[in-house]
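Here is a note for a colleague who is opening this structure for the first time. Please read the points below alongside the sequence and the coordinates.

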Amino acid sequence: MNKQQQYVLSTVEERGIRFIRLWFTDILGSLKSFAIMPAELEIALTEGMQFDGSSIDGFSRDRESDMLAMPDPTTFQILPWRSGGDVARMFCDIVRPDGTPFEGDPRSVLRHNLERAHEMGYTFYVGPEVEYFYFRDASAQPEVLDHGGYFDLTPLDVAQEYRRETIMALERLSIPVESAHHEVSPSQHELDLRHTDALNMADNLVTTRLAVKEVAMEHGIYATFMPKPLEGHDGSGMHLHLSLFQDDDNGFFSADEENGLSPLAYKFMAGLLRHAPEITAITNQWVNSYKRLVAGYDAPVYASWGRNDQSAVVRVPIPKRGKSSSTRLEYRSPDPACNPYLAFSVILAAGLAGIENNYELPTGDAAPQHLPTTLADALDAMERSSLVKDALGDHVFEWFLRNKRREWDRYQQHVSSFELENYLPVL
Amino acid sequence: MLLPIYPPDPSAALLDALIAAGFQPVPVSNIDDVIERAPEPGWAPAVVEVRRDLGSAVAFAGKISDEANLPVLLVIDRTLTAEMAAESAIGDFILSPIDRTELRVRLQRLGAGPPEVEASEILNFRDLELNLATYQATIGGFPSDLTYMEYELLRFFVENPGRVWSREQLLAKVWGYDYFGGSRTVDVHVRRLRAKLGEERSSWISTVRSVGYRFG
């Protein structure tokens, strides 16, 4: 029993915690949880808790449905929104009964990719801008709470109280929020999380999605991270601010270069641009994701870069003066309904490929690649990608393609209101 | 109780066992460390772990017992048991892998009283209280939800107020030598601690530009 484990045991006892929720996600990023009693905690920490993985999406495989959830004591947190404060959570790594990491566990996939970066001497930092909507409920006809716009303040922004409560809950969960505001679309909001290392941030994002929904539920409304819930309005994206640190230095910063970007940053960016179409299925994993990735709604459509180009997938933000640590690349295609563990894995793999192979940025006269415009296109691009296959491992790669092909087939069979409204009267 | 340990990078198993037995090991790299850094109530017996070179470990143990006047517990591999017959400078020895109860008892017999939860295990700074025995922090009388590393960082600050620490120093002293992650980690944790201390108290941790942080 190490000190961190002792800390968890002691805190559970001292604070009267009655349930400890063990968290992990399935391959699509849905949060899964099972609760244990304090009496089980010591065993859970040292030996792991056994569970039947066969009903978890992407976990089932012949003859190996028994899994062990190994709690990560560094992620122990008392949940701020349960009444009485007697519930805590820990994220888990999923291993087989013999202790080997289960390759269908997204957290272990990300760990694996981060280790690769560590071997090259880099720590991967991510700072996300999380967009979402509040609606009256989860019905198929979403009803907005307000008609406010970007940065609007009261009385149009009726939801600022919910945002405030959400921020306080997140701060108590050790998730610092840099800023929050009303976004462009009616009833749309944004939380900017302070950057941290990628594994921590993936945990934080899964937690944030839950916190936003919990606070909304306490107020009798509904929060959604659906990428494009309202036709004719901007959808919800999750721009990611990326940097690679080498020890204490921001590897993306160079005082000598134009834009303040180092050669390393340019190679990383070249990797992102070259591989953007292949990784889009992971960063934008739903049929609906591609309703957001269209021109005219502040969403990227090209694998290009710029300072202020709305259609470009990479933006180079202007760093704060004299702050080398704030030099970064902003990757703009992901949406908040992705699985952050897998999204960070493929984004990092794309950037590292640029560094390892000394990619050059595409020259000005070449037309940039178009991002996939449908889930089917994105899956085709992913299926051809050895980069994505290596980053995710065979198990996740194959399961994801199978699952998503089925989703696309179901969508293909759907007769939409667009067709009925436009074709039925005239054909 | 503070206890000097040599070499300054002891095995994790030994550190864990000492902490579990209620001691706070302080890594020392030479005899001056042992003498100059002696805490007010005095050290617990010193612990010297033998790695490859028995001779140098025994020599250092002799210095501790002569110059710092401290009893020494030597941690040795079983194969060295016979050598111990001739080592008069060694107060006692224990075989690794370590049995924790044995470790505790041997250190007690060497002169340390059993570590107990005493007033010395409560640290205060204004309305902040840290209970070192239970790892709990209260702010203004209310329990605070800290992660383990947030707690450790806060404890370090409260134990060492008024001094400027660089990020590298904080990493080494709070996270330990084996931590991989870079000093951005320190910034991330300071930011979280400030949020949890609350607005009125967040200024307890001040940023000293291009140097590091100071508490109090």
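The numbered points below cover a predicted model, taking domains, contacts, cores and sheets in turn.

1. Domains of chain A. Chain A is split into domain 1, residues 17-95, and domain 2, residues 112-412. The C-alpha centres of these two domains of chain A are 26 Å apart. Where they meet, domain 1 of chain A places 11 residues in contact with 18 residues of domain 2 of chain A. On the domain 1 side, the touching residues comprise 6 nonpolar and 5 polar ones, with no charged residue.

2. Domains of chain B. Chain B is likewise given two domains, with domain 1 running over 2-109 and domain 2 over 119-215. Taken over C-alpha atoms, the centres of domain 1 of chain B and domain 2 of chain B are separated by 29 Å.

3. Contact between the chains. How many residues does each chain bring to the contact? Chain A supplies 26 residues and chain B supplies 21 residues. On the side of chain A that touches chain B, the elements giving two or more residues are α1 (3-14), β5 (77-78), β7 (123-135), α4 (160-172) and β10 (196-197) of chain A. The most comes from α1(A), which gives 6 residues to that side. By type, the residues of chain A that touch chain B are 7 nonpolar, 10 polar and 9 charged.

4. Nonpolar cores. The largest nonpolar core holds 91 residues, and those with the most contacts inside it are Ala198(A), Met269(A), Val346(A) and Ile347(A). Helix α8 of chain A, residues 340-356, provides the largest share of this core, 12 residues. Another core lies apart from it and has 45 residues, among them Tyr7(A), Leu45(A), Met70(A) and Tyr135(B).

5. Surroundings of Met269(A). Setting aside residues up to four places away in sequence, Met269(A) touches Trp305(A), Val314(A), Leu329(A), Gly354(A) and Leu361(A). The strands concerned are β14 (residues 302-306) and β15 (residues 312-315) of chain A, which run parallel and are joined by 3 bridges. β15(A) is also joined by 2 bridges to strand β16 (residues 329-331) of chain A, this time antiparallel.

6. Sheet in chain B. In chain B, 4 strands make an open, antiparallel sheet in the order β6-β7-β8-β9. Why do β6 and β9 of chain B each have one side without a neighbour in the sheet? Both β6 (122-125) and β9 (142-143) of chain B stand at the edges with a single partner strand each, so one side of each has no neighbour there. β6(B) pairs with strand β7 (residues 128-131) of chain B in the antiparallel sense over 4 bridges. Within this pair, Ile122(B) has Asn131(B) of β7(B) as its bridge partner.

7. Val212(A). Is Val212(A) buried or exposed? Val212(A) has 25 other C-beta atoms within 10 Å, and it counts as buried because the cut-off is 20 or more. This residue belongs to helix α5 (residues 198-218) of chain A. Its contacts, leaving aside neighbours within four places in sequence, are Tyr132(A), Thr166(A) and Ala223(A). Val212(A) and Ser33(A) are 179 residues apart along the chain, and their C-alpha atoms are separated by 17 Å.

Key
Residues are numbered from 1 along each chain as its sequence is written. Chains are lettered from A and ligands numbered from 1 in the order in which they are written. This is a predicted model: local features need pLDDT of at least 70, side-chain atom pairs count only at pLDDT 80 or more; totals for chains, interfaces and linings use all residues. Two residues are in contact if their C-beta atoms, placed from the backbone, lie within 7 Å. Ala, Val, Leu, Ile, Met, Phe, Trp, Tyr, Cys and Pro count as nonpolar, Asp, Glu, Lys and Arg as charged, and the others, Gly among them, as polar. Domain bounds come from an automatic or database domain assignment. A nonpolar core is a set of buried Ala, Val, Leu, Ile, Met, Phe, Trp, Tyr and Cys residues joined through C-beta atoms within 7 Å. A residue is buried if 20 or more other C-beta atoms lie within 10 Å of its own, exposed if 12 or fewer, and partly exposed in between; C-beta atoms are placed from the backbone. Two strands pair if DSSP finds at least two bridges between them.
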